[in-house]
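The sequence and structure are shown first, and the discussion follows.

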Amino acid sequence: MLKFNKALFFYLYKTFFLLLFTFQFLDGKAQGLLFNSNDSLLTKRTSLRVFSNDVPEFHDHLYINFDLSLWDNAHLGYVFNLAEKDNSYSLSYLYMNSSGFLNFNIDRKSNKIQIPLDKSMLKKGKWIKVRMDFDLKGDKVNLYINNKLYQATELGFKDQTEGNLIFGKNQFYTEVPNMAIKNLSVGDDNRTYVFPLDEWKGTEVHDQEGDVTGTVDNPVWLINESYFWKPVYTHSFKQVVGLNFNTIDQNLFIFKKDSLITVDSESKRAIATPYQNPLPVPIVLGKSIYNSRENKCYVYDLFDIPKGMPSVASLSMDKNNLKWEAIGKTILPQQRHHHNMFYNLGQDTIYLFGGYGGYKYYNKFLKYDAGKDSWIEVPFKGDNITPRFFAATGSSDNPDEILLFGGYGNESGNQIVGGKQFYDLYRINLKTHTIKKAWSIHPQNKEVFVPANNLILSPDKKYFYALCYPHEIAKTEIRLYKFSIQDGFYEVVSAPIPVTSERIESDINLFFNHKTNEFFCTIQEFTDRINSSVKIYSLLAPPVSTAAYLKSQAPLQSHSHLLLYLGIGVVITLGVFMVIIVKRKRLVGFPEPGMPFAPMPQPVIEKQDIGKKQNAVYLLGEFIVYSKNGRDITYLFSPKIKQLFILILVNSYGFTGITSKKISLLLWPDKDVAKTKNIKGVTFNHLRSIISDLNGIELTFQNDNYLFKFSEELFCDYFIISELIKESQWGNNDQKVLEHFDLISRGTLLSDMSDQWLDDFKNNYDEQLVGMIQPILIKHYDSGDSRLVPDLAKMILDIDPFNDTALKYQLKGIRKQKGIEQARKVYDQFTAEYKRSFGTDYQTSFEKIIQ
């Protein structure tokens, strides 16, 4: 039977829609460049030379437009300097007498314009629109700050000027304020250079065509600040602690038994202050809620409090009087793990929703009555919220409402019947006590996740942000998601943070700091009921989508070219799809309306943890790379860098490399080979930088071929299994193959890549792997050892879903291990998928296979 490549089929089936979906990210907003300022050593301060090689001349007018963020309250500094032969001009910044000013100057001669800046403008992440028209013929400048015009004349301009434009430290001045710029454009009436400033690393500056025009010393690319979470604080505690966020002073705080630790939002330093009196509540889970109206933190526990001990207490957040007050002693009959707690608008009533305890999921609303010291159920009208825990709540666009999103539970509330993830949004009106369901969605690519505790509303109140992760996996990753309040459309807007959540007490929260314009992720990981570690990470807003970040790592192309390439890509994809169908001379059935295409379910092989995590490249299954220090550096491989790396690697193992021309033709098919020089050079530089973190691999250029040279220091699963395949052709190495079962079972070669030039490598690997595994499968069954038979058969069926031999031994193995009914179920799933794919019934009966 001809082999059916299900991964390729599935890819082609969706590619057309994926291309159209991806197009929305092509005009992603630039992130910008942050400058190391006067707070840094002279040699570390940032300098951006916009034109470093071919400096253009501008005639009659020079337009300089950019967005500027300033948050300096201590220094004099220079935003930019424009140098001519006889004069130089600068835009400088000065903070003096509690006020900030922008100044336009003729250097070393006079100040021509002074512009006061309101304090509200001097915040990190707050952008000021700067538009400048140097009227060279009229000898005047029009300077617009947020569309407000300021003018100066008699500047000594000539009719033309060169673009000797430097931002930050320059040849005349070393003072640099705390600032960032983005959306830079420079030009005259005949041409304009646009600089997205969305690079992610390196010292080269590209215009929107992808050409290198300038250089920057000591850059801090903002896209990294807005995509990668930055560690702020970590500490292990030998006691239960809790944490929360003070919305008045915009600082995180951690409460211990004897003191309060405040993590300053700007300096990121932690300061411990002792209480005036001991914490009266014996902390079990460390839950709390902050009241900004009273400037108090209410600490509570709902269960497992010793009889007679307080369960609710408040802490005055006055730093000069950190005093506890016991409030009440009430508890609930069962614990409520991962419940939600929130205030009404007036912050005079605390509400509790959901949670898990005593093998039950809950969906009741309770409010705390301080006078009666009890939790009282509050009835709500409208839509019903299914019992759940791991939901997230936060402010709504309506001040009387709370948004509640997601969670895990079931309709009955009884854990015995199992649970599932929910991806729904509810509006909970605390004034009218009504509930309205906004939407329910199906996650993209069959993702599975729950949100952490808090939702953060976007400034325009059209979206909310949530930290999401698969809570049932002990060692996993958490990412920031952005959801539309209107329809639930979402995208991932951060790199992952590793999380270990081995105990139900572990807790994750999301906060937003309006002072520093940062998100804060707090993770409390418990190792037992007492000991835990607290980790805090920050991310600059607005966050960057994964699609936009990956786009930043490739040289930019013009918008019109992208439209053209998108159209060509769609046509080629559909053409390839039809060719494959015709060549195979078989009918590949599309799913019926409403029925998603899915490969035949197979018995699950438990995914083994990767054994080697140092100086390792994994190509089987998911592409993963670990540096020589054991750091996961996979994220550094943008799509284009990854393609280049793989293209050279597969052509180096057992081959003599690949020519520069062929690389250009395969990776940039839309460009003339001669015009790929700059783009290819940039991509090679990025690749060299990345692989410098690996030992045992060296990029060389020999006989007009690019080639990787390898040594035994480098671990690569593809190399190991390929050597096993070669050995199996010369003799019996069954035991050795089984010893590497964990590597083989990771998946097929580069399953997350579908480039056409990889097809031959993938097909050769798949065919040889099946040729090696199938005899081992048969031997194991014939010897009476059927333990690995279903797993070995699944490995073959993952490659060739309709392999008759693999199906036969899979069903026989399952029958021995789990009985004939389970084998029949798998057979029925197989035949249903077979008919859906080929439009005809599978001809071999179940009874004939298992006889």
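Predicted model: local features only at pLDDT ≥ 70, side-chain atom pairs only at ≥ 80, totals over all residues.

Although Gln 347 is not a glycine, its phi is positive, at about 55°.

Asp 139 is a further residue other than glycine with a positive phi, near 55°. Its place is the loop between β9 (128-135) and β10 (140-145). Because its relative accessibility is 23%, Asp 139 counts as partly exposed.

## The loop between β27 and β28

Thr 330 is located in the loop that runs between β27 (324-328) and β28 (340-343). With a relative accessibility of 13%, Thr 330 counts as buried. Beyond its neighbours within four places in sequence, Thr 330 is in contact with Asp 301, Ser 311, Tyr 368, Asp 373, Ser 374 and Trp 375.

His 338 also lies between β27 and β28. This histidine is buried, with a relative accessible area of 10%. Its side chain reaches the backbone oxygen of Ile 504 at 2.8 Å. Apart from neighbours within four places in sequence, the contacts of His 338 comprise Gly 355, Phe 389, Phe 390, Ile 504, Ser 506 and Asp 507.

## Ile 402 in strand β37

Strand β37 spans residues 401-409 and contains Ile 402. The relative accessibility of Ile 402 is 9%, so the residue counts as buried. Leaving aside neighbours within four places in sequence, Ile 402 contacts Phe 342, Tyr 343, Thr 393, Gly 394, Ser 396, Tyr 426, Arg 427, Ile 428 and Leu 430.

The peptide bond from Ala 541 to Pro 542 is cis, and its omega is near -5°. Pro 542 falls in the loop between β48 (532-540) and α3 (546-552).

## Packing of α5 and α7

Helix α5 (residues 639-650) packs on helix α7 (residues 677-691) at an angle of about 75°, and the two axes are 10 Å apart. The helices are therefore roughly perpendicular to each other. From α5, the residues Lys 640, Ile 641, Leu 644, Phe 645 and Ile 648 meet Thr 683, Phe 684, His 686, Leu 687, Ile 690 and Ile 691 of α7. Classified by residue type, this contact has eight nonpolar, two polar and one charged residues.

Helix α7 has 15 residues, and its first and last C-alpha atoms are 21 Å apart, close to the 21 Å expected at 1.5 Å a residue. Its buried residues are Ile 679, Lys 680, Val 682, Thr 683, Phe 684, His 686, Leu 687, Ile 690 and Ile 691. An α-helix has 3.6 residues a turn, so residues three or four places apart point the same way. The elements covering the buried residues of α7 include β16 (204-206), β17 (212-217), α5, α6 (660-667), β52 (697-702) and β53 (705-710).

## Helix α13 and its ends

At the start of α13, a side-chain oxygen of Asn 803 comes to within 3.1 Å of the backbone nitrogen of Thr 805. After α13 comes Gly 819, which has a positive phi near 100°.

Within α13, the buried residues are Ala 806, Leu 807, Tyr 809, Gln 810, Leu 811, Lys 812, Gly 813 and Ile 814. These buried residues pack against α11 (759-782), α12 (789-799), α14 (820-838) and α15 (846-850).

## The protein as a whole

The secondary structure of the protein comprises 15 helices and 54 strands. Of its 851 residues, 54% are buried. Among contacts with a separation of 6 or more, residues 24 or more positions apart account for 59%.

Notes:
Residues numbered from 1 in each chain as written. Heavy atoms only, no water. Helix = DSSP H or I, 4+ residues; strand = E, 2+ residues; numbered from the N terminus. Buried < 20%, exposed > 50% of the residue type's maximum accessible area, 1.4 Å probe, protein only. Contact = heavy atoms within 4.5 Å. Axes fitted to C-alpha atoms, helices over the stretch in contact; angles between N-to-C directions. Parallel < 35°, antiparallel > 145°, perpendicular 65-115°, else oblique. Nonpolar A, V, L, I, M, F, W, Y, C, P; charged D, E, K, R; others polar. Expected span 1.5 Å × (residues − 1). Polar contact = N/O pair within 3.5 Å; in protein donor to acceptor, adjacent residues only side chain to side chain.
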